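Work through the exercises below with the model open. Try each task before reading its solution.

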Amino acid sequence: MQEMKPMKSVFDPNFIAGNQLDRATNVMTGSKKENLDQIRQDIRDFKKNNPVDSVVILWTANTER
């Protein structure tokens with residue numbers, strides 16, 4: 001898994017504890033609509049570039065503040 005690089009994610013500072021802000025380094029920029037469009041494109045690209053029959057999306061966000 002060392003070769004794997006996570007895709008950028010959506011970041012909303014309203015849902016991040018203050019002591020975690022400096023750890024949010026692999027995040028998308030732009031509006032929420034632009035972020036949504038990028039996520040959709042990332043999924044399409046992943047399906048196109050990898051030999052898979054289906055894709056499972058896991059929600060891993062933490063909503064604790």
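The model is predicted, so local features need pLDDT of at least 70 and side-chain atom pairs pLDDT 80 or more, while totals for chains, interfaces and linings use all residues. Residues are numbered from 1 along each chain as its sequence is written, and side-chain values use heavy atoms, without hydrogens and water.

**Exercise 1. Salt bridges**

Find the 2 salt bridges in the structure.

Solution. 
- Apply the criterion: a side-chain nitrogen of Lys or Arg within 4 Å of a carboxyl oxygen of Asp or Glu.
- Asp12 pairs with Lys32; their closest N and O atoms are 3.9 Å apart. Lys32 sits in helix 1 and Asp12 in the segment before helix 1, so this pair ties together parts 20 residues apart in sequence. Helices here are DSSP runs (H or I, at least four residues), numbered from the N terminus.
- Lys33 pairs with Asp37 at 2.8 Å, N to O. Both belong to helix 1, and because they are 4 residues apart, about one helical turn separates them.
- Now check accessibility (buried: under 20% relative accessible area; exposed: over 50%; partly exposed: in between; 1.4 Å probe, protein chains only). Lys32 is exposed at 66%. Lys33 is exposed at 52%. Asp37 is partly exposed at 32%.

**Exercise 2. A nonpolar patch**

Which residues form a nonpolar patch on the surface?

Solution. 
- Take residues with over 30% relative accessible area and no salt bridge, then join nonpolar side chains (Val, Leu, Ile, Met, Phe, Trp, Tyr) within 5 Å.
- The patch consists of Val10, Ile39, Ile43 and Ile57.
- Together they have about 320 Å² of accessible area (Shrake-Rupley method, 1.4 Å probe).
- Look at Ile39, in helix 1. Ile39 is partly exposed, at 33%.

**Exercise 3. The largest pocket**

How many residues line the largest pocket, and which lie nearest its centre?

Solution. 
- A pocket is an open set of points on a 1 Å grid where a 1.4 Å probe fits, with protein on both sides within 12 Å along at least five of seven lines; lining residues have an atom within 4 Å of a point.
- The lining has 33 residues, with Lys8, Ser9, Val10, Leu58 and Thr60 nearest the centre.
- Sort the lining by class: 20 nonpolar, 7 polar and 6 charged residues.

**Exercise 4. Asn49**

Is Asn49 buried or exposed?

Solution. 
- Locate Asn49 in helix 1, residues 32-49.
- Asn49 is exposed, at 58% relative accessibility.
- Compare Gly30: C-alpha to C-alpha, Asn49 and Gly30 are 25 Å apart in space, and 19 residues apart in sequence.

Methods:
Helix = DSSP H or I, 4+ residues; strand = E, 2+ residues; numbered from the N terminus. Nonpolar A, V, L, I, M, F, W, Y, C, P; charged D, E, K, R; others polar. Patch = residues over 30% accessible without salt bridge, like charges linked within 9 Å, V, L, I, M, F, W, Y side chains within 5 Å.
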